[in-house]
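Subject: Structure for you to look at

Hello,

Here is the structure I said I would pass on. Please open it beside this email and follow along.

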Amino acid sequence: MADPSDLLIDRTLVLLRHAKAVEPDSMPDLERPLADRGRADAGAAGRHLVAQGIEADLVLCSPSKRTRETWKYVAEAGVTAADVWYDKRIYSADAEGLLDVIHEAPAEARTVIVVGHAPGIPWLADELALDGTSPERVELTQKYPTSGLAILHLTCRWSDLAANEADLVQYVVPRG
């Protein structure tokens, strides 16, 4: 039997920017919770992913309060995950840093959701997507607001994922 890491199978990568958080005011950035709108929008993102049939083998999530809460409301909306990893590298990662984290996903994982921050999430979506002319692709390069999510399809191993290796299936900004 073939080693799962040798299989080139269809994979789905979801890049989700955290939902709307409260203003920083006097709290540390890592501790900013979601605003009321953010909780509603995270739930809407979860319902959208459920409608698309997305079930995660792995969620890679920044440890910030707003990303953890975003994942909580997405999951409460019905998105299932076999495993969730909270990785501090996601918090301030650029596209290359996010790729480093994704490269560590298990070979057998078919669907990975990354819950992170701007500008890393938007930069990575732009870097990975092959088609530079579709309206959705153009839109994601112009704005990637809170709760924005890109669904990408790829056939390479997680460890081999690089620029221009994925097809942009969908880019949406669900609102609650």
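This is a predicted model: local features need pLDDT of at least 70, side-chain atom pairs count only at pLDDT 80 or more; totals for chains, interfaces and linings use all residues.

Residues are numbered from 1 along each chain as its sequence is written, and side-chain values use heavy atoms, with hydrogens and water left out.

The sheet

Helices (H or I, at least four residues) and strands (E, at least two) are DSSP runs, numbered from the N terminus. Two strands pair if DSSP finds at least two bridges between them. Six strands form an open sheet with mixed pairing, in the order β3-β2-β4-β1-β5-β6. Its edge strands, each pairing on one side only, are β3 (84-86) and β6 (167-172). From one strand to the next, the twist averages 15 degrees. (Axes are lines fitted to C-alpha atoms, for helices over the stretch in contact, and angles run from 0 to 180 degrees between N-to-C directions.)

β1 (residues 11-17) and β5 (residues 149-154) run antiparallel and are joined by six bridges. β1 also pairs with β4, in the parallel sense, again over six bridges. Leucine 16 shows both pairings: its bridge partner in β5 is leucine 149, and in β4 it stands opposite valine 115. β2 and β4 run parallel, with four bridges between them; leucine 58 has valine 112 as its bridge partner in β4.

What is buried

A nonpolar core is a set of buried Ala, Val, Leu, Ile, Met, Phe, Trp, Tyr and Cys residues joined through side-chain atoms within 4.5 Å. The largest one here has 31 residues, and Leu13, Leu15, Val112, Val114 and Leu128 touch the most other members. Helix α3 gives the largest share of this core, five residues. A second, separate core has 16 residues, including Val14, Cys61, Leu149 and Val172.

Valine 79

Valine 79 lies in the loop between α2 (65-76) and β3. Is this residue buried or exposed? Valine 79 is buried, with a relative accessible area of 4%. Leaving out residues up to four places away in sequence, valine 79 touches Gly46, Leu49, Val50, Ile54, Trp71, Val74 and Ile113, where contact means heavy atoms within 4.5 Å.

The helices

Helix α1 (residues 36-51) lies across β1, β4, β5 and β6, at about 30 degrees to β5. In α4, the buried residues are Gly120, Ile121, Pro122, Leu124, Ala125 and Leu128. Their cover includes β1, α3, β4, α5 (135-142) and β5. α4 and α5 pack at an angle of about 150 degrees, with axes 9 Å apart. Where they meet, α4 supplies Pro122, Ala125 and Asp126, and α5 supplies Arg137, Leu140 and Thr141.

Regards

Terms used
Buried means under 20% relative accessible area, exposed over 50%, partly exposed in between (1.4 Å probe, protein chains only).
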